[in-house]
Amino acid sequence: MTDPTYTSSRANANPSKSFFITMLTRDIDLVDCILDLLDNSVDGIGEAARREGRELDPNRPFVGHSVYLTYDREHFAIADASGGIPIQVAEEYAFRFGRPDDAPPLNDGTIGLYGIGMKRAIFKMGNVVTMQSSTGTESFSLNLNVDTWRRDPQVRRDLTGHEIVEWSFPLTNVLRAGTGIRVGTSIKITELYDGIVRQFDSPTFTERLRRIIARDYAFILSRGLEVYVNGVAIVAVMPVMRENSDFAPFRHVEEHGGVRIEITVGLAAPPPDDTSATARNPDSGIYGWYVVCNDRVVVSADKSADTGWGVKPVPAWHPQYIGFIGVARFDSSQPEKLPWKTTKRDAETSNVFYQRALPTMMRATKKLTDYTNDRRADAKRLKKLEKAAPPIPVSRVTVNAQMKLPIPVTKETVLIQYVREVADVNAAAEALSLVGSSPSEVGIRTFEYFYAREVSK
Amino acid sequence: MLRPNKNVERKLILKTLRALQSQFDVPKYRYVGFGSMWFSDFVLMHKTFGTSDLVTIESQKSRAKRVEFNKPFACIAVRMEEAATALGDVLDEKPSIVWLDYDGPLKNATSGDVETAVGGMSSGSILLVTVNAVVDQLKNKKVNDEEISPVDYLAEICDDTGLIAQRNRLTRNDFPQLVAEILHRRIKSAVLDRKQDCEYVPIWTYRYADDADMITVGGMIADATDKAKFDASGAATLSFATGSTLFDIELPVLTEKEKRALDKLLPSDSPLNLASLEFELRPSEVAAYQSFYLEYPVFNEMAA
């Protein structure tokens, strides 16, 4: 028997295109895909300015920029004038699946960070993609048939017979200088998939998309960007809080490790009078916590434990708190530090900066929930005060270390009322030597009896 | 009250259904409506097609005995429930014709009945919705104790912020058309969102006024097979089945004597000569009558 001979070998771990396409598009909503493309357009504005060494107005950096979204049963298209993709970036990074480690660093305020948005959106919607991008000097086109691309494995064997993956998209009409094409990027997707056609055709989808852009892009729209959906301009829906001499929202700002945290909490509308199950209360869909990362709303109107609701000492959400709005903003030039998930539709609550903000968020929530409890004794007067305070957009709230709320005036006395069997009350009256007097007298005397013996000194 | 326009509307819808009968087994459909005390649509369905699977929905419990007493045929089942509840139960994927004939404003149709109905309907089924389309229904409305503008109120009840851009259509004459669009869009949304493989095929868009301006829209929920059958039936070629294009029914209220005088001149290939009549009518009224003289109801037993 001879000794076995050990050698080494390699197991093929190359990815398959079909796997990527399925993985990327699973569990992502069509609206999120569209927002990913919108994020790219927003980022393009800042990147172009940096390339060209231009300063953007810090308050309204996106002013003069528009993004046009159009869709119907036949196509989807997005067009911007946000600076375009330089050819070198297109060749080396823009179409990679995920950001390579050697990619240039992400820049100030970037919101697209995982390098999958554009591919994901394309693969989700349809089979044929036409894209054109121009920086004003350079330009290129991309024509892709996803199905044809998927069938072509794009691998070759090296000298030892091992598979080497060489995935690429074909860039055409590449012009490295002196292009005549206007600055910007346009993407058009046709041969839409069945489920996508139905959504693009449904008025409910359009309404949902409009609302989500209005809300999740509120801060970006308020900084100058214009977005058109099938020709209709989107109007930002910014969280508001009431502020005047009686009311002042809480506002707290801190900066740590390159992340600026800003927490604002206030009352957007008077809490409802009737919170019983049958009461017709205004839609509570806009109230709760908002989490915003680099101006992008990633969580809206949250009423869950993620933002502290139901985590002691904060009570769980209840319609009594309708009117509550809290906004937690995280801004950083290093977007990977921010508490957002890849879909940008959820907060990464284990993030250290988020954990740092949460106790402050909860303290402020508690303060307002306490107020809605206390105000019940004085609701009529306070509602008038609440209504008199004008709502102002959250971005214009000034820094206040303390939340200012009117103090409910409570009466000195309360009414106690309860029901007991007649025989028992009569027996108690007899024991108190009060036979023939009113039951309320019996109630008062029994309370006084208890109070004298067990409470007062 | 004499309601010749409503009466003619019913008959035009029945005529369309008759065209569909070449491809669809309309007599076997389930008919669901709000029969009230009069059951006019139920009587027509039973008499025209022999439809015997009929369900009336009545939400006012205080009228239970009257509804039972007035129902004209034994085969009408009475559901004393809110439409939202009854529709969820009554429609069990059997091909059906559902007519949500609200007396009241648009708000009735935007509270979920359309979606519930569509959710329970199968391909080949037909949904009709009638509402009051007088623009005043948007005025002096309050939401959460605060006065709200007509356009905001409309966006609120329809849950559609896109309608805010339509504020210049909130006039007496333009609002009915907008209501029709809203209703068609709502049904289409419900079909696309809830019925895999089905599309909404609009068939009717009627405006009529016996008293207040009313709008009736309707269409078929159809998969590819039923859409092809629909096209083959020729229903869409009928002059009064205009899809989502507004079709006005504007008949005058005539006395029996006037009706007979006009009938004596019909049919006629050319427009009737107004001057030859012994009484005055507007040209549009005469033209409307000429189009629908066969459907025009005989009200003699009620006119007294």
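Begin where the two chains meet: 10 residues of chain B are in contact with 10 residues of chain A, two residues being in contact if their C-beta atoms, placed from the backbone, lie within 7 Å. On the side of chain B that touches chain A, select the residues by type and you will find 2 nonpolar, 4 polar and 4 charged (Ala, Val, Leu, Ile, Met, Phe, Trp, Tyr, Cys and Pro count as nonpolar, Asp, Glu, Lys and Arg as charged, and the others, Gly among them, as polar).

This is a predicted model, in which local features need pLDDT of at least 70 and side-chain atom pairs count only at pLDDT 80 or more, while totals for chains, interfaces and linings use all residues. Residues are numbered from 1 along each chain as its sequence is written, and chains are lettered from A and ligands numbered from 1 in the order in which they are written.

Next, select the whole of chain B, whose secondary structure comes to 11 helices and 10 strands (DSSP runs, H or I of at least four residues for helices and E of at least two for strands, numbered from the N terminus). The C-alpha atoms of chain B fill a box of roughly 55 × 45 × 45 Å along the principal axes.

Now move to chain A and select the open sheet of 5 strands, which has mixed pairing and the order S12-S13-S16-S14-S15; two strands pair if DSSP finds at least two bridges between them. At its edges, pairing on one side only, are strand S12 (250-256) and strand S15 (296-302) of chain A.

Within this sheet, select residues 259-267 and 324-332 of chain A, which are strands S13 and S16, paired in the antiparallel sense over 9 bridges. A:Thr264 has A:Val327 in S16(A) as its bridge partner.

Which residues does A:Ala328 touch, not counting residues up to four places away in sequence? They are A:Ile263, A:Trp289, A:Val291, A:Val292, A:Ala357 and A:Met361.
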